Amino acid sequence: MPPTGALRDVAIVAFAQSDHLKSTDELSEVEMLMPVLHEVLGATGLATGEIDFTCSGSADYLAGRAFSFTMALDGVGAWPPISESHVETDGAWALYEAWVKLLTGEADTALVYSYGKSSPGSLRDVLTRQLDPYYQAPLWPDSVALAALQAQALIDAGHTDERTLATVAARSRDAASDNPHAQVRGARPQGDYVVQPLRTGDCPPIGDGAAAVVLAAGDRARALCARPAWIRGIDHRIEPHAIGVRDLTESPSTRLAAERAGAFERPVDTAELHAPFSSQEVVLRRALDLGDEVAVNPSGGPLAANPMMAAGLVRLGEAAARIHRGASDRALAHATSGPCLQQNLVAVLEGEDA
Amino acid sequence: MSTAHKEPVAVVGIGQTKHVAARKDVSIAGLVREAARRALDDAGLDWPDIDAVVIGKAPDFFEGVMMPELYLADALGAVGKPMLRVHTAGSVGGSTALVAANLVAARVHGTVLTLAFEKQSESNAMWGLSLPIPFQQPLLAGAGGFFAPHVRAYMRRTGAPDAIGSLVAFKDRRNALKNPYAHLHEHDLTLEQVQSSPMLWDPIRYSETCPSSDGACAMILTDRAGADRSPEPPAWVHGGAMRSEPTLFAGKDFVSPQAGRDCAADVYAQAGITDPRAEIDAVEMYVPFSWYEPMWLENLGFAEEGEGWKLTESGVTELDGDLPVNPSGGVLSTNPIGASGMIRFAEAALQVRGQAGEHQVDGARRALGHAYGGGSQFFSMWLVGAEQPAG
């Protein structure tokens, strides 16, 4: 059953994010998150107690402690008690859970937030713990090495070359010049190989950040936002875990999620893609049939700021914000999780008059 | 808010592994697949019949795998489907089932596999929960170190006799003998042995403490059309809710948290329950330390404040009592942490389906599944019934 049969109209009515920084040694996760929550609630005029459902995304492995999300909850102010849930992945999936909750009618408004601090640890090592614990993780293949395998497969298949990847990187950082929250803004050299064929410029910056959105249904959304970003469709799909059984040049899960979200029914004018590596933008553009007429990652995308567990939610927020301010009528937002784009979420957002 | 258009949700398949201290014969993937396969068999379905997978577990440190849903996608037949991972501390097994139920209620999907697991033999749960300096230490030396003072507070507040906790433990361990999936099968255990077992965290003794288990629990949730095709009687979801409150704050009542009371009130309102003691036939509540039975009896509205221990003492919560609590043997007999909440939800469903076997409560028509986690701050509950909800 396609989500186009949705029972209610739900929109993103507000978005806020932190400045994404290489290191936030002086800030706890709660301190990093709180200004973002205040900003997103302030944009709607809602108080914490007026939110019907709260859902967050984060990962204990980044924080280095079990139940790390409980400290953030203390900061949210869950008193009197709130209806609340948490996903151990990117906040884009927290948004998905909240969207479902609003569809049931059990809630009219939802606060979604996510955050990640990568600076305390060695992210490339930490992410190897996502891999099959028996056959892959003991080899410690890191996230850049796996992405490099994917990039080389793309080059071997003739879908891209290093020069094209460099233009993706340059375009992203150029676009980020106008984004005060981005970690890497403006031109920077492609640099040396990190893992061939990926150079420094092809890789996302490692850093800390947080993001939040407010969702609302129907007339409530119209009351809270002059031009709500209506979620016309949203879907997510997962692929096999072992990269050896996948064709890394394709993203069938992105393709399927986009079909289910109705992305191909009409062209989009904007796409915010959660492609942490330049080569992954190539994969996603092919899966989504995105041509040069579409503004891809006008925010700068993950190559300009890639806070773990928040970068996917930032894509949804950035796409929604463009609709809010009238810069887009129909936008696609994408989020990913796992090695080499294993799991993908696609949402289609529209302005009311679009 | 209007929920009038929600699709009714039915539980048509339930599968568990035999919970044990260490499943050395299977990988994590093998463990979860075993439970999922049993749930599919119970529902008369196969992998292609599943539209989406919702998976839950407690902290990733328990197995040392970050976001293990990525690695488990293949084992759970999720490739090409949506797979969503929930983590709400100890309540996660219940929360995961509720997130899955909402996918059906919202008509996003027709049939959903939901599963929760923990393979605790991969690590040491007590120390996995105990944080080194400089982190904050809300749980101290394992969960028992955190909860023992709150048990003592309950005893002081209510004047409950010291022996109440041992009665709960003895009951649950005997109930477990009737549940083939329960971890602990202590055939020769006596009440005297419970009462003389070593003191771990005063006033909690060794035999009043949950074990550390490897196990998984899966359920198949579906819509009315799916329920019509079910070979076995379905359990219907009459109400479900989650509530959270902060870990620590001035005025928090650790003995009877407001979030638990609010969550129960929400579920009862959805299900049209006005007198839970009279209208609910069986309860599967999350009792990791024996004294939490009387504490939750009060928190959930089955007894007046200060009176919960009297239900335990008078045998009301025995399997043949007026309000059987944890006929499965409960968390005190089986505790794969991330799965424990879902086992409560599933056991409640088994009761109203009439499929609980030797630990079946005669004539159970409505049952409550309850889970909690964190510092008594995360609650998830559902009420299931033998009849399709009205409206």
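This is a predicted model: local features need pLDDT of at least 70, side-chain atom pairs count only at pLDDT 80 or more; totals for chains, interfaces and linings use all residues.

Me: Which other strand is joined to S12(A)?

Reply: That's S8(A), residues 229-238, again antiparallel and again with eight bridges. Here Asp235(A) sits opposite Val346(A).

Me: Why is S12(A) called largely enclosed?

Reply: A residue is buried if 20 or more other C-beta atoms lie within 10 Å of its own, exposed if 12 or fewer, and partly exposed in between, with C-beta atoms placed from the backbone. Eight of the eight residues of S12(A), 343-350, are buried, so the strand is largely enclosed by the rest of the structure. Gln343(A), Leu345(A), Ala347(A) and Leu349(A) point one way, Asn344(A), Val346(A), Val348(A) and Glu350(A) the other, and all are buried.

Me: What makes H3(A) largely enclosed?

Reply: Six of the eight residues of H3(A), 69-76, are buried, so this helix too is largely enclosed by the rest of the structure. Those six are Phe69(A), Thr70(A), Met71(A), Ala72(A), Leu73(A) and Val76(A). Their cover includes H1(A), S2(A), S3(A) and S4(A), together with S8 of chain B. After the helix comes Gly77(A), with a positive phi near 90 degrees.

Me: How do you know that H4(A) has close to its expected span?

Reply: The expected span is 1.5 Å times one less than the number of residues. H4(A), residues 91-104, has 14 residues and reaches 20 Å from first C-alpha to last, close to the 20 Å expected. As for burial, 14 of the 14 residues are buried, so H4(A) is largely enclosed by the rest of the structure. Just after H4(A), Gly105(A) takes a positive phi of about 90 degrees.

Me: Where do the domain bounds in chain A come from, and what touches what?

Reply: The bounds come from an automatic or database domain assignment. Domain 1 of chain A is 3-122 + 206-224 and domain 2 is 132-203 + 232-350, with 22 Å between their centres, taken over C-alpha atoms. Their contact takes 33 residues from domain 1 of chain A and 27 residues from domain 2; residues are in contact if their C-beta atoms, placed from the backbone, lie within 7 Å. On the domain 1 side, H4(A) gives the largest share, six residues. By class, that side has 16 nonpolar, 13 polar and four charged residues.

Me: What makes a residue nonpolar, polar or charged?

Reply: Ala, Val, Leu, Ile, Met, Phe, Trp, Tyr, Cys and Pro count as nonpolar, Asp, Glu, Lys and Arg as charged, and the others, Gly among them, as polar.

Me: How is chain B divided?

Reply: Into domain 1 (10-124 + 212-237) and domain 2 (142-211 + 239-385). Their centres are 23 Å apart, over C-alpha atoms. The contact takes 39 residues from domain 1 of chain B and 37 residues from domain 2 of chain B.

Me: What does chain B bring to its contact with chain A?

Reply: Chain B brings 56 residues, and chain A 53 residues. H3(B) gives the largest share of the chain B side, five residues. That side divides by class into 30 nonpolar, 17 polar and nine charged residues.

Methods:
Residues are numbered from 1 along each chain as its sequence is written. Chains are lettered from A and ligands numbered from 1 in the order in which they are written. Two residues are in contact if their C-beta atoms, placed from the backbone, lie within 7 Å. Helices (H or I, at least four residues) and strands (E, at least two) are DSSP runs, numbered from the N terminus. Two strands pair if DSSP finds at least two bridges between them.
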